[in-house]
Amino acid sequence: MCRSIHTLHNFEPAATSEEVHAAALQYVRKIAGTTKPSKANAEAFERAVHEIEHITQHLLDDLVATVPPKNREQEAAKARDRAVRSGRYAAPAA
């Protein structure tokens with residue numbers, strides 16, 4: 001479930017609000033132990049996602065990087081290559 005949470009700090013371009021929301025949603029899903037809350041818990045679930053999203057954005061805004069930002073496309077390509085080499089995924093068709 002939390003495998004969808006990726007590092008958001010020190011990338012160029014910076015993390016989008018959608019990425020921050022997705023990370024907050026995955027975090028709350030993991031903590032709650034469910035991907036879809038019951039009607040009785042929906043309000044608390046959504047409030048938690050919103051609050052975590054908000055504080056995550058503040059964290060990202062306040063963090064200071066000491067190294068140049070990473071390129072998103074290059075890092076994604078490296079991750080795909082590692083996955084293929086590990087045997088988890090097949091190589092893309094040429």
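Start with a definition: the radius of gyration is taken over C-alpha atoms, and the globule rule is 2.2 Å times the number of residues to the power 0.38. For 94 residues, a compact globule would come out near 12 Å, but this chain has 16 Å. Along the principal axes, the C-alpha atoms fill a box of roughly 50 × 35 × 20 Å.

Now the ground rules. This is a predicted model: local features need pLDDT of at least 70, side-chain atom pairs count only at pLDDT 80 or more, and totals for chains, interfaces and linings use all residues. Residues are numbered from 1 along each chain as its sequence is written, and side-chain values use heavy atoms, with hydrogens and water left out.

Next, the elements. The chain has three helices and two strands. Their order from the N terminus is β-α-α-β-α. Both kinds are DSSP runs, numbered from the N terminus: helices are H or I with at least four residues, strands are E with at least two.

On to burial and surface. Buried means under 20% relative accessible area, exposed means over 50%, and partly exposed is in between, with a 1.4 Å probe and protein chains only. Buried residues are 17% of the 94 in the chain. The accessible surface is about 7,300 Å², and carbon and sulfur atoms hold 56% of that. Those areas come from the Shrake-Rupley method with a 1.4 Å probe; for residues, only the protein chains shown count as cover.

Contacts now, meaning heavy atoms within 4.5 Å. Take those between residues at least 6 apart in sequence: 66% join residues at least 24 apart.

Let's look at the start of the chain. Asparagine 10 sits in the segment before S1. Its phi is near 65°, a positive value in a residue other than glycine. Is asparagine 10 buried or exposed? Buried, with a relative accessible area of 16%. Which residues does asparagine 10 contact, leaving aside neighbours within four places in sequence? Ala65, Val67, Pro68, Pro69 and Lys70. With proline 68 there is also a 3.4 Å approach, from its backbone oxygen to a polar atom of the asparagine 10 side chain.

The peptide bond from glutamate 12 to proline 13 is cis, with omega near 0°. Proline 13 belongs to the loop between strand S1 (11-12) and helix H1 (17-32).

Now into helix H1, where we find valine 28. Valine 28 is buried, at 7% relative accessible area. Not counting residues up to four places away in sequence, valine 28 touches Phe45, Ala48, Val49 and Ile52. Take phenylalanine 45: valine 28 is 17 residues from it in sequence, and their C-alpha atoms are 7.2 Å apart.

Last stop, helix H3, residues 72-86, which holds arginine 82. Arginine 82 is partly exposed, with a relative accessible area of 44%.

Notes:
Polar contact = N/O pair within 3.5 Å; in protein donor to acceptor, adjacent residues only side chain to side chain.
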